[in-house]
Amino acid sequence: MRQTQLEDFLQLEEHNKELEKRIEQELQKNREKDKLLFQQSKMAALGEMLGNISHQWRQPLMEINSLFLPIEAKLNLEIPLDNEELLESIKKLNDITKYMSNTIDDFRDFFVKDKEKIEFKLLDQINSTINIISGGLKAHDIKLDIIIQKNPTLVGFKNEYSQVLINIINNAKDILVQRNVENPYIKISIYEKEKNIITTIEDNGGGIKTTPIEKVFDPFFTYEKINGSGIGLFMSKLIIENNMNGKLQVENTAKGALFTISIPKI
Ligand SMILES: Nc1ncnc2c1ncn2[C@@H]1O[C@H](COP(=O)(O)OP(=O)(O)O)[C@@H](O)[C@H]1O
Ligand SMILES: [Mg+2]
(Lines give C-alpha, C1' and ligand atoms only; values in the text may rest on other atoms or scores of the structure.)
(Ligands and ions follow the chains in the order given, each with its own letter.)
Protein backbone atom coordinates (compact mmCIF):
# COMPACT_ATOMS: atom_id res chain seq x y z
CA MET A 1 0.00 0.00 0.00
CA ARG A 2 2.65 2.46 1.01
CA GLN A 3 4.64 1.50 -2.00
CA THR A 4 1.83 2.47 -4.38
CA GLN A 5 1.28 5.76 -2.53
CA LEU A 6 4.89 6.63 -3.05
CA GLU A 7 4.62 5.69 -6.68
CA ASP A 8 1.55 7.87 -7.04
CA PHE A 9 3.36 10.71 -5.39
CA LEU A 10 6.37 10.37 -7.64
CA GLN A 11 4.13 10.20 -10.66
CA LEU A 12 2.32 13.34 -9.55
CA GLU A 13 5.62 15.08 -9.01
CA GLU A 14 6.71 14.08 -12.49
CA HIS A 15 3.41 15.31 -13.87
CA ASN A 16 3.80 18.68 -12.12
CA LYS A 17 7.24 19.17 -13.54
CA GLU A 18 5.96 18.38 -17.00
CA LEU A 19 3.16 20.91 -16.50
CA GLU A 20 5.55 23.61 -15.32
CA LYS A 21 7.69 23.03 -18.37
CA ARG A 22 4.69 23.35 -20.64
CA ILE A 23 3.55 26.55 -18.93
CA GLU A 24 7.02 28.04 -19.33
CA GLN A 25 6.99 27.06 -23.01
CA GLU A 26 3.59 28.67 -23.54
CA LEU A 27 4.72 31.82 -21.75
CA GLN A 28 7.78 32.00 -23.95
CA LYS A 29 5.58 31.57 -27.02
CA ASN A 30 3.36 34.41 -25.80
CA ARG A 31 6.32 36.69 -25.24
CA GLU A 32 7.47 36.01 -28.78
CA LYS A 33 3.98 36.73 -30.09
CA ASP A 34 3.95 40.07 -28.25
CA LYS A 35 7.29 40.98 -29.74
CA LEU A 36 6.08 40.11 -33.22
CA LEU A 37 2.94 42.14 -32.68
CA PHE A 38 4.99 45.11 -31.58
CA GLN A 39 7.12 44.87 -34.70
CA GLN A 40 4.02 44.52 -36.84
CA SER A 41 2.57 47.61 -35.26
CA LYS A 42 5.75 49.56 -36.04
CA MET A 43 5.53 48.41 -39.64
CA ALA A 44 1.88 49.41 -39.84
CA ALA A 45 2.76 52.81 -38.36
CA LEU A 46 5.62 53.11 -40.83
CA GLY A 47 3.25 52.48 -43.72
CA GLU A 48 0.86 55.14 -42.47
CA MET A 49 3.75 57.56 -41.97
CA LEU A 50 5.06 57.03 -45.49
CA GLY A 51 1.63 57.96 -46.78
CA ASN A 52 1.90 61.12 -44.72
CA ILE A 53 5.39 61.97 -45.97
CA SER A 54 4.24 61.87 -49.54
CA HIS A 55 1.49 64.38 -48.73
CA GLN A 56 3.87 66.50 -46.71
CA TRP A 57 6.29 66.73 -49.61
CA ARG A 58 3.88 67.24 -52.46
CA GLN A 59 3.42 70.95 -51.76
CA PRO A 60 7.11 71.90 -51.43
CA LEU A 61 7.98 69.80 -54.46
CA MET A 62 5.43 71.71 -56.48
CA GLU A 63 6.85 74.98 -55.17
CA ILE A 64 10.34 73.94 -56.23
CA ASN A 65 8.99 73.03 -59.63
CA SER A 66 7.46 76.43 -60.19
CA LEU A 67 10.27 78.38 -58.54
CA PHE A 68 12.53 78.40 -61.56
CA LEU A 69 9.87 78.51 -64.26
CA PRO A 70 10.09 82.30 -64.78
CA ILE A 71 13.86 82.13 -64.83
CA GLU A 72 13.82 79.31 -67.36
CA ALA A 73 11.39 81.29 -69.50
CA LYS A 74 13.63 84.34 -69.43
CA LEU A 75 16.66 82.28 -70.37
CA ASN A 76 14.75 80.73 -73.25
CA LEU A 77 13.62 84.12 -74.48
CA GLU A 78 17.10 85.53 -73.93
CA ILE A 79 15.77 88.19 -71.59
CA PRO A 80 18.55 89.37 -69.29
CA LEU A 81 18.37 88.08 -65.71
CA ASP A 82 19.32 90.18 -62.78
CA ASN A 83 21.28 88.68 -59.92
CA GLU A 84 18.74 89.73 -57.34
CA GLU A 85 16.02 87.67 -58.95
CA LEU A 86 18.28 84.63 -59.07
CA LEU A 87 19.37 85.06 -55.48
CA GLU A 88 15.78 85.42 -54.36
CA SER A 89 14.88 82.10 -56.00
CA ILE A 90 17.90 80.39 -54.50
CA LYS A 91 16.92 81.64 -51.05
CA LYS A 92 13.41 80.31 -51.51
CA LEU A 93 14.83 77.00 -52.65
CA ASN A 94 16.95 76.81 -49.51
CA ASP A 95 13.93 77.52 -47.31
CA ILE A 96 11.89 74.83 -48.97
CA THR A 97 14.58 72.16 -48.82
CA LYS A 98 15.18 73.04 -45.17
CA TYR A 99 11.51 72.48 -44.48
CA MET A 100 11.63 69.13 -46.27
CA SER A 101 14.68 68.11 -44.37
CA ASN A 102 12.96 69.04 -41.09
CA THR A 103 10.02 66.80 -41.88
CA ILE A 104 12.37 63.92 -42.50
CA ASP A 105 14.07 64.61 -39.17
CA ASP A 106 10.71 64.47 -37.42
CA PHE A 107 10.05 61.10 -39.01
CA ARG A 108 13.46 59.80 -38.10
CA ASP A 109 13.06 60.92 -34.49
CA PHE A 110 9.75 59.18 -34.37
CA PHE A 111 11.25 55.87 -35.40
CA VAL A 112 14.14 56.01 -33.00
CA LYS A 113 13.26 53.70 -30.18
CA ASP A 114 12.69 55.46 -26.88
CA LYS A 115 15.47 54.40 -24.57
CA GLU A 116 14.25 55.74 -21.29
CA LYS A 117 11.36 57.54 -19.73
CA ILE A 118 11.93 61.27 -19.80
CA GLU A 119 10.05 64.41 -18.93
CA PHE A 120 8.54 66.13 -21.93
CA LYS A 121 6.20 69.00 -22.61
CA LEU A 122 2.95 67.63 -23.95
CA LEU A 123 2.50 70.53 -26.35
CA ASP A 124 5.95 70.03 -27.94
CA GLN A 125 5.12 66.42 -28.63
CA ILE A 126 1.70 67.30 -30.03
CA ASN A 127 3.27 69.95 -32.25
CA SER A 128 5.90 67.69 -33.74
CA THR A 129 3.25 65.00 -34.26
CA ILE A 130 1.06 67.48 -36.07
CA ASN A 131 4.00 68.55 -38.23
CA ILE A 132 4.15 64.98 -39.39
CA ILE A 133 0.49 64.48 -40.17
CA SER A 134 -0.86 67.88 -41.12
CA GLY A 135 -0.12 67.31 -44.81
CA GLY A 136 -2.31 64.22 -44.89
CA LEU A 137 -5.15 66.09 -43.20
CA LYS A 138 -4.90 69.12 -45.46
CA ALA A 139 -4.98 66.92 -48.53
CA HIS A 140 -8.47 65.84 -47.45
CA ASP A 141 -9.61 69.28 -46.24
CA ILE A 142 -9.87 68.07 -42.66
CA LYS A 143 -9.83 70.88 -40.15
CA LEU A 144 -7.62 70.35 -37.12
CA ASP A 145 -8.40 72.31 -33.97
CA ILE A 146 -6.25 72.28 -30.86
CA ILE A 147 -7.62 73.65 -27.64
CA ILE A 148 -5.09 74.03 -24.86
CA GLN A 149 -5.83 75.00 -21.32
CA LYS A 150 -2.49 73.83 -19.97
CA ASN A 151 0.92 72.81 -21.25
CA PRO A 152 1.69 70.06 -18.79
CA THR A 153 4.88 68.05 -18.43
CA LEU A 154 4.56 64.30 -18.76
CA VAL A 155 6.96 61.51 -17.89
CA GLY A 156 7.27 58.60 -20.28
CA PHE A 157 8.38 57.48 -23.71
CA LYS A 158 7.64 60.51 -25.84
CA ASN A 159 7.79 58.83 -29.23
CA GLU A 160 5.41 56.17 -28.08
CA TYR A 161 3.06 58.93 -26.99
CA SER A 162 3.28 60.37 -30.50
CA GLN A 163 2.59 56.97 -31.96
CA VAL A 164 -0.66 56.85 -29.99
CA LEU A 165 -1.69 60.29 -31.22
CA ILE A 166 -0.88 59.36 -34.79
CA ASN A 167 -2.85 56.11 -34.56
CA ILE A 168 -5.93 57.87 -33.22
CA ILE A 169 -5.74 60.83 -35.62
CA ASN A 170 -5.11 58.58 -38.62
CA ASN A 171 -8.11 56.44 -37.70
CA ALA A 172 -10.28 59.54 -37.51
CA LYS A 173 -8.93 60.69 -40.87
CA ASP A 174 -9.65 57.27 -42.44
CA ILE A 175 -13.26 57.35 -41.26
CA LEU A 176 -13.83 60.99 -42.29
CA VAL A 177 -12.51 60.25 -45.77
CA GLN A 178 -14.22 56.90 -46.14
CA ARG A 179 -17.61 58.16 -45.04
CA ASN A 180 -17.23 61.29 -47.12
CA VAL A 181 -18.18 63.50 -44.16
CA GLU A 182 -19.10 67.12 -44.86
CA ASN A 183 -16.95 69.76 -43.11
CA PRO A 184 -14.73 67.11 -41.53
CA TYR A 185 -12.82 68.05 -38.41
CA ILE A 186 -10.62 66.60 -35.70
CA LYS A 187 -10.42 68.39 -32.38
CA ILE A 188 -7.68 67.87 -29.80
CA SER A 189 -8.14 69.27 -26.29
CA ILE A 190 -5.67 69.28 -23.43
CA TYR A 191 -6.63 70.00 -19.86
CA GLU A 192 -6.07 68.93 -16.29
CA LYS A 193 -8.68 67.18 -14.23
CA GLU A 194 -8.11 66.22 -10.63
CA LYS A 195 -4.74 64.49 -10.60
CA ASN A 196 -4.69 63.69 -14.30
CA ILE A 197 -3.60 65.25 -17.54
CA ILE A 198 -6.26 64.67 -20.14
CA THR A 199 -5.91 64.72 -23.91
CA THR A 200 -9.06 64.16 -25.92
CA ILE A 201 -9.27 63.57 -29.64
CA GLU A 202 -12.68 63.79 -31.24
CA ASP A 203 -14.00 63.78 -34.76
CA ASN A 204 -17.29 64.23 -36.59
CA GLY A 205 -17.04 60.99 -38.55
CA GLY A 206 -20.25 59.41 -37.28
CA GLY A 207 -18.73 57.29 -34.54
CA ILE A 208 -17.79 53.69 -33.91
CA LYS A 209 -20.37 51.14 -34.99
CA THR A 210 -19.03 48.18 -33.00
CA THR A 211 -20.67 46.88 -29.83
CA PRO A 212 -19.32 46.76 -27.25
CA ILE A 213 -17.33 49.78 -28.31
CA GLU A 214 -14.23 48.57 -26.39
CA LYS A 215 -13.80 45.88 -29.02
CA VAL A 216 -11.82 48.39 -31.08
CA PHE A 217 -8.93 47.81 -28.64
CA ASP A 218 -8.75 44.08 -29.40
CA PRO A 219 -5.69 42.93 -31.33
CA PHE A 220 -6.39 42.54 -35.05
CA PHE A 221 -9.84 44.06 -34.72
CA THR A 222 -10.47 46.02 -37.86
CA TYR A 223 -13.81 46.97 -39.33
CA GLU A 224 -14.98 48.71 -42.49
CA LYS A 225 -11.43 49.16 -43.73
CA ILE A 226 -9.73 48.01 -46.88
CA ASN A 227 -6.22 47.89 -45.51
CA GLY A 228 -6.80 47.73 -41.77
CA SER A 229 -4.37 45.80 -39.60
CA GLY A 230 -6.30 46.14 -36.36
CA ILE A 231 -3.14 46.75 -34.41
CA GLY A 232 -3.19 50.52 -33.93
CA LEU A 233 -5.61 50.89 -31.04
CA PHE A 234 -4.49 47.68 -29.35
CA MET A 235 -0.93 48.99 -29.33
CA SER A 236 -2.08 52.45 -28.24
CA LYS A 237 -3.85 51.03 -25.23
CA LEU A 238 -0.78 49.00 -24.27
CA ILE A 239 1.46 52.06 -24.52
CA ILE A 240 -0.77 54.29 -22.43
CA GLU A 241 -1.87 51.76 -19.82
CA ASN A 242 1.20 49.55 -19.43
CA ASN A 243 4.01 51.97 -20.13
CA MET A 244 2.59 55.27 -18.91
CA ASN A 245 0.28 54.23 -16.09
CA GLY A 246 -2.60 55.96 -17.78
CA LYS A 247 -5.94 55.12 -19.30
CA LEU A 248 -7.16 55.14 -22.90
CA GLN A 249 -10.92 55.18 -23.31
CA VAL A 250 -13.37 55.64 -26.13
CA GLU A 251 -16.97 56.74 -26.45
CA ASN A 252 -19.30 58.01 -29.14
CA THR A 253 -20.59 61.57 -29.14
CA ALA A 254 -23.54 62.89 -31.10
CA LYS A 255 -21.15 63.57 -34.01
CA GLY A 256 -18.43 60.97 -33.88
CA ALA A 257 -15.82 59.17 -31.82
CA LEU A 258 -14.10 60.61 -28.76
CA PHE A 259 -10.86 59.15 -27.44
CA THR A 260 -9.62 60.16 -23.99
CA ILE A 261 -6.02 59.70 -22.88
CA SER A 262 -5.62 60.25 -19.20
CA ILE A 263 -2.19 60.25 -17.55
CA PRO A 264 -1.43 60.87 -13.89
CA LYS A 265 0.31 64.17 -13.12
CA ILE A 266 3.87 63.97 -11.80
N1 LIG B 1 -12.51 57.69 -35.05
C2 LIG B 1 -13.10 56.53 -35.37
N3 LIG B 1 -14.37 56.52 -35.86
C4 LIG B 1 -14.99 55.35 -36.20
N5 LIG B 1 -14.41 54.13 -36.09
C6 LIG B 1 -13.13 54.07 -35.62
C7 LIG B 1 -12.42 55.25 -35.24
N8 LIG B 1 -11.21 54.87 -34.78
C9 LIG B 1 -11.16 53.52 -34.89
N10 LIG B 1 -12.31 53.03 -35.39
C11 LIG B 1 -12.61 51.60 -35.64
O12 LIG B 1 -11.71 50.81 -34.86
C13 LIG B 1 -11.06 49.85 -35.68
C14 LIG B 1 -9.71 49.50 -35.10
O15 LIG B 1 -8.76 50.52 -35.27
P16 LIG B 1 -7.20 50.18 -35.33
O17 LIG B 1 -6.87 49.34 -34.14
O18 LIG B 1 -6.43 51.42 -35.51
O19 LIG B 1 -7.06 49.23 -36.60
P20 LIG B 1 -7.14 49.63 -38.16
O21 LIG B 1 -7.08 51.11 -38.26
O22 LIG B 1 -5.96 48.97 -38.77
O23 LIG B 1 -8.45 49.04 -38.63
C24 LIG B 1 -11.06 50.46 -37.05
O25 LIG B 1 -11.00 49.48 -38.06
C26 LIG B 1 -12.40 51.23 -37.09
O27 LIG B 1 -13.46 50.38 -37.47
MG1 LIG C 1 -5.62 52.33 -37.31
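Visitor: Which polar side-chain atom lies 2.8 Å from a nitrogen atom of ligand 1?
Guide: In this predicted model, the shell around ligand 1 counts Asp203 among its closest residues, together with Thr222, Lys225, Ser229 and Gly230. A pair of N or O atoms counts as a polar contact when it lies within 3.5 Å. The side-chain atom that lies 2.8 Å from a nitrogen atom of ligand 1 belongs to Asp203.

Visitor: Which residue places a backbone N or O atom 2.9 Å from an oxygen atom of ligand 1, and how far from an oxygen atom of ligand 1 is the polar side-chain atom of Lys225?
Guide: The backbone atom, 2.9 Å from an oxygen atom of the ligand, comes from Tyr223. Lys225, by contrast, uses a polar side-chain atom, and its distance to an oxygen atom of ligand 1 is 2.6 Å.

Visitor: Which element gives the most residues to the shell around ligand 1?
Guide: Ligand 1 sits in the largest pocket. Two or more residues of its shell come from each of helix H5 (158-178), helix H6 (232-243) and strand S7 (257-264). With three residues, the element that gives the most is H5.

Visitor: How many of the residues in the shell around ligand 1 are charged?
Guide: The shell consists of 19 residues. Of these residues, 10 are nonpolar and seven are polar, while the number that are charged is two.

Visitor: Which element supplies the largest share of the lining of the largest pocket?
Guide: The largest pocket has a volume of about 950 Å³, and it is lined by 43 residues, of which Glu48, Asn170, Asn171, Asp174 and Lys225 are the closest to its centre. Helix H1 (2-67), H5, H6 and S7 each supply at least two residues of this lining, which divides into 16 nonpolar, 18 polar and nine charged residues. The largest share, 10 residues, comes from H5.

Visitor: Which element supplies the largest share of the lining of the second largest pocket?
Guide: The second largest pocket has a volume of about 200 Å³, and its lining includes His55, Arg58, Tyr99, Ser134 and Lys138. H1 and helix H4 (122-138) each supply at least two residues of that lining, which is made up of four nonpolar, five polar and two charged residues. The largest share, six residues, comes from H1.

Visitor: Where does Pro212 lie, and is the peptide bond from Thr211 to Pro212 cis or trans?
Guide: Pro212 belongs to the loop between strand S5 (196-203) and H6. Most peptide bonds are trans. The bond from Thr211 to Pro212 has an omega near -10 degrees, and it is cis.

Visitor: Where is the place of Asp141, and is its phi positive or negative?
Guide: Asp141 is found in the loop between H4 and strand S2 (143-148). Most residues other than glycine have a negative phi. Asp141 is not a glycine, and yet its phi, about 55 degrees, is positive.

Note on methods. Residues numbered from 1 in each chain as written. Chains lettered and ligands numbered in written order. Predicted model: local features only at pLDDT ≥ 70, side-chain atom pairs only at ≥ 80, totals over all residues. Heavy atoms only, no water. Near = heavy atom within 4 Å. Polar contact = N/O pair within 3.5 Å; in protein donor to acceptor, adjacent residues only side chain to side chain. 1 Å grid on protein atoms, 1.4 Å probe; cavity = no way out; pocket = protein on both sides within 12 Å on 5 of 7 lines; lining within 4 Å. Sits in = over half its atoms within 2 Å of the grid points. Helix = DSSP H or I, 4+ residues; strand = E, 2+ residues; numbered from the N terminus. Nonpolar A, V, L, I, M, F, W, Y, C, P; charged D, E, K, R; others polar. Points joined across faces, edges and corners; volume = space filled by probe spheres on them.
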